[in-house]
Amino acid sequence: MPKHVAVLAGDGIGPEVTAEAVKVLRAVDPTLEFEDALVGGAAYDDGGHPLPASTLDLCKKSDAVLLGAVGGPKWDHVEPAHLRPEVGALLALRAELHLFANVRPAKTLKPLLNASPLKGAAGLVDMVVMRELTGGIYFGQPRERRDGGKTAVDTCIYSVHEVERIAEQAFMIARTRRHEIVSVDKANVLETSRLWREVVSDMAAKNPDVKVTHMLVDNCAMQLVRNPQQFDVILTENMFGDILSDEASMITGSLGLLPSASLSAMREGGMFGLYEPIHGSAPDIAGQQRANPIAAILSGAMMLRYTFGDNEGATRIEAAVEETLDAGLRTADIFEKGTRLVSTQEMGQAIVTRLG
Ligand code: NAD
């Protein structure tokens with residue numbers, strides 16, 4: 001079966017880090033087929049739109065999408081605003097590809113343990129935050145000003161279907177890990193949270209191989225700092241997930257090394273997904289071979305695991321990244337005294353040679 005990956009390198013450091021991710025993926029699985037397309041500012045400059053129809057078509061017929069990053073000062077003032085890369089490409093891709101689940105692992109890379117704001121072993125975490133991405137208060141209608149602007153209204157809506165489909169993915173992901181889900185809500189106050197809890201509890205009863213517990217969001221925010229090791233998979237709605245995923249990733253201390261996936265419905269063999277580093281296009285260092293490609297490379301590992309069901313290949317990449325850091329190689333953003341400064345390409349190549 002062909003495994004087709006659309007590569008949207010994008011702007012700024014996007015092309016540099018994506019090239020290294022593709023290099024690593026090719027080395028792990030030579031049967032992957034890659035096809036490049038323009039997105040973001042690069043696409044806008046080329047044809048006047050940040051998400052050309054040909055790029056969207058390519059994504060739709062591929063099994064997975066690897067995205068670098070989009071945007072930069074050059075396109076910040078493009079008018080109309082819906083043609084700016086972040087809106088016209090990123091948000092449009094999420095909507096068009098029905099990417100309703102955002103998956104963000106927060107895993108401390110042991111050689112970088114000192115970067116965690118939590119001291120010592122407390123900073124050693126390995127969890128995944130699963131955030132519902134297309135529902136809840138960010139999308140509910142009405143959203144408006146009333147009383148001549150003196151009152152503001154946002155609406156939070158969730159349906160059983162929306163909760164079920166993301167919970168289903170959380171169960172699947174928990175099965176690739178420690179089989180534990182903490183479902184986070186505010187069921188003591190919010191009706192949408194009570195529905196969320198009911199649906200997740202029903203699904204827990206049908207999936208007894210995964211241990212499911214419930215936690216209120218304020219407690220979760222506290223527990224993430226107090227004892228983050230207790231978490232394996234955190235499953236939560238859009239706004240809570242937005243906040244908790246940032247909190248969880250900061251525990252690792254290295255925002256620039258973190259991958260992410262946005263997933264949609266199951267396809268045969270795996271989930272369709274868009275994989276991207278959580279960092280942006282870093283225009284300040286673009287084109288200088290100073291960018292750290294690890295977040296993009298680890299995004300590639302997530303692609304193998306979730307879209308292509310290749311847990312072993314993903315683990316090989318993760319181990320090679322850790323070995324490379326263990327050997328003391330560092331790009332400029334994580335360089336410290338006593339380590340060896342390398343370029344984007346050198347970091348990518350060093351990881352390839354350690355794939356074993
Ligand atoms: P940024 O993540 O691009 O950069 C923040 C800082 O981190 C910069 O100093 C940068 O040099 C550094 N950095 C980021 N990634 C790095 C890497 N891999 N290696 C080394 N250093 C790295 O965030 P920003 O400066 O707020 O945004 C820049 C542009 O990126 C903006 O146009 C923004 O809209 C866009 N952006 C895009 C995405 C995306 O495409 N998903 C996400 C966030 C921001």
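Trainee: Where does Pro80 lie, and what is the peptide bond from Glu79 to Pro80?

Mentor: Good place to start. This is a predicted model, in which local features need pLDDT of at least 70, side-chain atom pairs count only at pLDDT 80 or more, and totals for chains, interfaces and linings use all residues. Residues are numbered from 1 along each chain as its sequence is written, and side-chain values use heavy atoms, with hydrogens and water left out. Pro80 sits in the loop between strand E3 (64–69) and helix H4 (85–96), and the bond from Glu79 has omega near -5°, making it cis.

Trainee: Which element holds Pro142, the residue joined to Gln141 by a cis peptide bond?

Mentor: The bond from Gln141 to Pro142 has omega near 5°. Helices (H or I, at least four residues) and strands (E, at least two) are DSSP runs, numbered from the N terminus. By that numbering, the place of Pro142 is strand E6 (residues 140–146).

Trainee: What is phi of His98 near?

Mentor: His98 is found in the loop between H4 and E4. Its phi is positive, in a residue other than glycine, and is near 55°.

Trainee: How many residues of domain 1 are in contact with domain 2?

Mentor: An automatic or database domain assignment sets the bounds, giving domain 1 (1–109 + 252–356) and domain 2 (126–237). Contact means heavy atoms within 4.5 Å. Domain 2 brings 15 residues to this contact, and domain 1 brings 18.

Trainee: Which strand gives the most to the side of domain 1 that touches domain 2?

Mentor: Strand E4 (101–107), strand E11 (259–267) and helix H9 (294–306) each supply at least two residues of that side. With seven residues, the one giving the most is E4.

Trainee: Why does the radius of gyration of the chain agree with a compact globule?

Mentor: The radius is taken over C-alpha atoms, and the globule rule is 2.2 Å times the number of residues to the power 0.38. With 356 residues, that rule gives a radius near 21 Å, so the chain agrees with its 20 Å.
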